[in-house]
Amino acid sequence: MPIDCKAKCGNRASLKRPKTGDALCKDCFFAAFEAEIHHTITTSKLFRRGEKVAVAASGGKDSTVLAHVLKLLNERHNYGLDLVLLSIDEGITGYRDDSLETVKQNRDDYQMPLKILSYEELYGWTMDRIVAQIGRSNNCTFCGVFRRQALDRGAKLLGVDSIATGHNADDIAETVLMNILRGDTARLRRCTDIRTGGGEDSIPRVKPLKYSYEKEIVMYAHYKKLVYFSTECVFAPNAYRGHARAFLKDLEKVRPSVIMDIIYSGEQLRFKDTVKKPVRGNCERCGFVSSQQPCKACVLLEGLNRGLPKLGIGKKSKGDRMIAKQNQELALRERANLRIATDKLFQHFQHLKEKMKYKYLLIMHREELFIIRAQCQIINHGT
C-alpha cells in the first residue's frame, strides 16, 4: 500500500530516512537533508562572508556531496564564499589515479578551481612504495598523517581561510570508539569538534556533514545522480578503523540512534585537570602544526629515508632507540671503512716506497757506469 510523504506535500513517499525513520518523497528528503546541513553551518558559524574555502575532494560520495551541497547552499543562502577543490594524490595505483578522474569531473560540473598535490612531490614517496617498505599492517598510519599535512600544505598554497572536509556522523562515531579503545585521550578531546585548528599559524578545518548519516549521503548522491567514485582503497581492509566500523554497524542494528548517541556522548566528555594535555604548536622542521617535536610526518618521513620504516610507529622512546642503534651501526661501519681505507693507503705507500727505492738504485747504478766510462776515456786518451 502506498504511503504518503510525512511532510504532507501531497506526494507519495519513496524512501525512509535512516536518521529519523520518516517516510518522505525525494524532494522533501532533499530539502530536509540540505536544511540540516545549512542549520549546522549557521549555528556553528563555520564560515564568514568573503572567505575562501577549500573543499577536500577525494572523488568519493562524502566529498562529492559536500561540494555539491556547499555550492548549492552558497548560492541559495548567499554565503558569499569562494569555493575551491583541493585533492591529494597518495600514489595508490588502481585507486587514487581513477578517483582523481572523478574529482576532475566534479571540477567541471561545479565550476570550481581544482588543485592536486601528490605525496611524490611533497615527500618524495608514494603509498605504493611505502607499503612495499612497511607492509600492510601500519600503512594507514603513514597515509593518514601525510594526508592531513598535505591538506595543510595545499591550503597554504591556495591561501584559503578554512578547509571543509567530508567527515560524516558515522566517521566521527567510529573515531570516538577508536580513541576509547586505544585510550587516546588527546584525540578523544577534539575528535567530535566541528572545527579544529585555527591558531595563528594553522588553517582551521570544519565538518559541515558532522550530523549527516552515511546512508543518507549515499541516498542523496544516488537520487541526485551525482558522479562519485565508490571503490574502496586497496589497502583499507587491514585498517584498524574497519573493526570500529563493523562494531558500530552491529550496534546500529540493535539501536538505530547509536551513531548520534555516541557523538553526543563524545561532545559531553570532560577530563580531570590531572590528565596531561598536548600542547599544539609548530614543527621545528617543517613549520606545520604539531603537538610534538618533530611532528609525526617528519618522524615517519625520516624513518623512510633512513631505511627504518617503523621508526614512527609506536612510542617515541622506541623510535629513539632505533635511531641510536642505527647511528651506532653507522659509526661502526664508518670506522671499519676508515680502517680498510687506511690499510689500502699504507699498502700504496709501501708500494711507492719500494718503487722509489728501485728507482734510486737505478740512478746510482747509472752514475757509477758514467764514472767508469769517463775514466776509461781518460785512460784511452792518455795512451
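Is His-68 buried or exposed? With a relative accessible area of 15%, His-68 is buried, since anything under 20% counts as such. The residue sits in helix H2, which runs over residues 61–76. Setting aside neighbours within four places in sequence, the contacts of His-68 are Tyr-110, Tyr-220, Lys-224 and Leu-226.

The structure is a predicted one, with a mean pLDDT of 85 for the protein, and 85% of the residues come in at 70 or more. Where pLDDT is low, the predicted coordinates should not be read in detail. As for the overall make-up, the protein has 13 helices and 10 strands. Of its 383 residues, 40% are buried. Taking contacts between residues at least 6 apart in sequence, 67% link residues at least 24 apart.

What does Val-53 touch, leaving aside its neighbours within four places in sequence? The list runs to Phe-47, Leu-81, Asp-82, Leu-83, Val-84, Val-160, Ser-162 and Ala-164. Val-55, with residues up to four places away in sequence not counted, meets Ser-63, Leu-66, Ala-67, Leu-70, Val-84, Leu-85, Leu-86 and Ala-164.

Val-53 and Arg-205 are 152 residues apart in sequence, yet their C-alpha atoms are 9.7 Å apart in space. Val-55 and Leu-66 are 11 residues apart along the chain, with 7.7 Å between their C-alpha atoms.

Ser-162 is itself buried, at a relative accessible area of 1%. Its contacts, not counting residues up to four places away in sequence, are Phe-47, Glu-51, Lys-52, Val-53, Ala-54, Ile-203 and Pro-204.

Moving on to helix packing, helix H10 (residues 241–254) and helix H11 (residues 258–268) pack at an angle of about 115°, and their axes are 9 Å apart. The two helices are therefore roughly perpendicular to each other. Which residues make the contact? On the H10 side they are Leu-248, Leu-251 and Glu-252, and on the H11 side Val-258, Ile-259 and Ile-262. By type, the residues of this contact split into 5 nonpolar, no polar and 1 charged.

Further along, the UniProt record, an unreviewed entry, annotates residues 281–311 as "domain: Cytoplasmic tRNA 2-thiolation protein 1 C-terminal". This span is 35% helix and 13% strand, and the C-alpha atoms at its ends lie 22 Å apart. Helix H12 (residues 296–306) is mostly covered, with 8 of its 11 residues buried. The buried ones are Ala-297, Cys-298, Val-299, Leu-300, Leu-301, Glu-302, Gly-303 and Leu-304.

The backbone has some points to note on either side of H12. The loop between strand S10 (289–290) and H12 holds Pro-294, and the peptide bond joining Gln-293 and Pro-294 is cis, with omega at about -15°. After H12 comes Gly-307, with a positive phi near 80°.

Lys-8, in the segment before strand S1 (15–16), has a phi near 60°, positive in a residue other than glycine. Lys-45, likewise not a glycine, has a positive phi of about 50° and is found in the loop between helix H1 (26–43) and S3. Are these lysines buried or exposed? Lys-8 is exposed, with a relative accessible area of 75%, and Lys-45 counts as exposed at 65% relative accessibility.

Definitions and conventions: Residues numbered from 1 in each chain as written. Predicted model: local features only at pLDDT ≥ 70, side-chain atom pairs only at ≥ 80, totals over all residues. Heavy atoms only, no water. pLDDT = per-residue confidence, 0-100. UniProt positions renumbered as here; feature names shortened; annotations may be inferred. Helix = DSSP H or I, 4+ residues; strand = E, 2+ residues; numbered from the N terminus. Axes fitted to C-alpha atoms, helices over the stretch in contact; angles between N-to-C directions. Parallel < 35°, antiparallel > 145°, perpendicular 65-115°, else oblique. Contact = heavy atoms within 4.5 Å. Nonpolar A, V, L, I, M, F, W, Y, C, P; charged D, E, K, R; others polar. Buried < 20%, exposed > 50% of the residue type's maximum accessible area, 1.4 Å probe, protein only.
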